[in-house]
Each structure stands twice: as structure tokens, then as C-alpha cells.
Amino acid sequence: MQSITHFFSGIFLMALVQALVPVTWLVYVLLLPGGILLHFLIDGLVDITYHPKTARMQDPFWKGWHLIVLVGSIVVAVVFWVPYFWGMFFAYVVDIVDWGITRPVCALKKVQLPEDPNLYPRYFVHYWIGRFRSRCFSFLPDWKEKRRGVVPEIAIWAACVLVVVSFL
Ligand SMILES: [Zn+2]
């Protein structure tokens, strides 16, 4: 899923835990499992979101959408850096580990990885996310190549923002 979606979910998570748990150190302890669970849930929904396999530099829709999520991710990270850094960090930590540590280590050790991340070995957290997805969300339609797939992703942002603004 796009970084901005994980950031919004992290802001939601931290606001929720802070509202429910009055003990500061416990808030931070709960952010790690909460962030991992939310990452499973959000990446579990990837099939109904616009994620074409290859870059489409000729397609204005593809370019526009990726510009929005890139600029949006930076803006959200910067604006909410101080109050919600740890929420965003823990919601994103699975991607940091898999794509920022495990995959470069594999490259260094010359481990051949399949092209499809769904077929990555078990020591990738995303392997388990793939299993979770096929177990719980296999009924969802595949919109990865469909433009309408931006709607569910924007709906996740809106849901996170609405809950934080209205209830927390
Ligand atoms: Zn992920």
C-alpha cells in the first residue's frame, strides 16, 4: 500500500491508543503490535486498490495519482512529524524491515528473489501478509489495474482522518 495510507493509519492508531490509555509508556509499547496489525489489515486490502504492476509513464492518470501519493506522503509525514511520529513509524515498520533491511541483505548475499513479492520467502513479513490476505480477503475483487481502485485507498485516508477529528 502507499506510504501515505500507512501514515494516516499510524496517526489514527496513535490518536486512538492515546485516547484509550492514559499511561504514556504503555502507549508506546502498544504502538508496535498495533502498528503491525494495522499493516496486515491495510496491506491485506491491497487487491482493491490501484497498484498496477509496472510503471506507466505514458498514462496521465498513473502519473497524477503517483504524484498525489508521493507529495501527500511527504506533506503528511512533515505536518504530523512531531505529534504522531511514532504512530506513523510503527504503522510503517513492516515496510522498513522488509524493503529497507531484508531485501537489501538478500541482494548483498546474492539471494535470488522472485519478481512477485507475494512469492517472497517466509522471512519476509509480507509473505505472512500474503497468507493473511488469501485467508481473509480472497473474496475481494482485483482492482489493482483498475482506476476505481483509488477510491478504497482514499476512503481509508478519509476514515482515519474522520475518526481522529470526530472522536479522538
Ligand atoms: Zn507493506
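**View 1. Lys110 lies in the loop that runs between helix H4 (81-108) and helix H5 (125-136).** The model shown here and in the other views is predicted. Phi of Lys110 is near 60°, which is a positive value in a residue other than glycine. Lys110 has 6 C-beta neighbours inside 10 Å and therefore counts as exposed, the cut-off for exposed being 12 or fewer.

**View 2. Helix H1 (residues 3-20) packs with helix H3 (residues 60-79).** The angle of the packing is about 30°, and the axes of H1 and H3 are 8 Å apart. H1 and H3 are therefore roughly parallel to each other, as angles under 35 degrees count as such. The crossing in which H1 passes H3 is left-handed. On the H1 side, the contact is made by Ser3, Ile4, Phe7 and Phe8; on the H3 side, by Val69, Gly72, Ser73, Val76 and Ala77. Of the residues in this contact of H1 with H3, six are nonpolar, three are polar and none is charged.

**View 3. The largest nonpolar core has 20 residues.** Those with the most contacts inside this core are Phe7, Phe8, Ile11, Leu13 and Ala91. Two or more residues are given to the core by each of H1, helix H2 (24-44), H4 and helix H6 (150-167). H1 supplies the largest share, eight residues.

**View 4. Ala91 is shown with residues in contact with it beyond its neighbours within four places in sequence.** These contacts of Ala91 are His6, Phe7, Ser9, Gly10, Leu13, Gly35, Leu38 and His39. Ala91 is also one of the residues with the most contacts inside the largest nonpolar core.

Definitions and conventions: Residues are numbered from 1 along each chain as its sequence is written. This is a predicted model: local features need pLDDT of at least 70, side-chain atom pairs count only at pLDDT 80 or more; totals for chains, interfaces and linings use all residues. Axes are lines fitted to C-alpha atoms, for helices over the stretch in contact, and angles run from 0 to 180 degrees between N-to-C directions. Helices (H or I, at least four residues) and strands (E, at least two) are DSSP runs, numbered from the N terminus. Angles under 35 degrees count as roughly parallel, over 145 as roughly antiparallel, 65 to 115 as roughly perpendicular and the rest as oblique. A crossing is left-handed if the near helix is turned anticlockwise from the far one by less than a right angle, and right-handed if clockwise. Two residues are in contact if their C-beta atoms, placed from the backbone, lie within 7 Å. Ala, Val, Leu, Ile, Met, Phe, Trp, Tyr, Cys and Pro count as nonpolar, Asp, Glu, Lys and Arg as charged, and the others, Gly among them, as polar. A nonpolar core is a set of buried Ala, Val, Leu, Ile, Met, Phe, Trp, Tyr and Cys residues joined through C-beta atoms within 7 Å.
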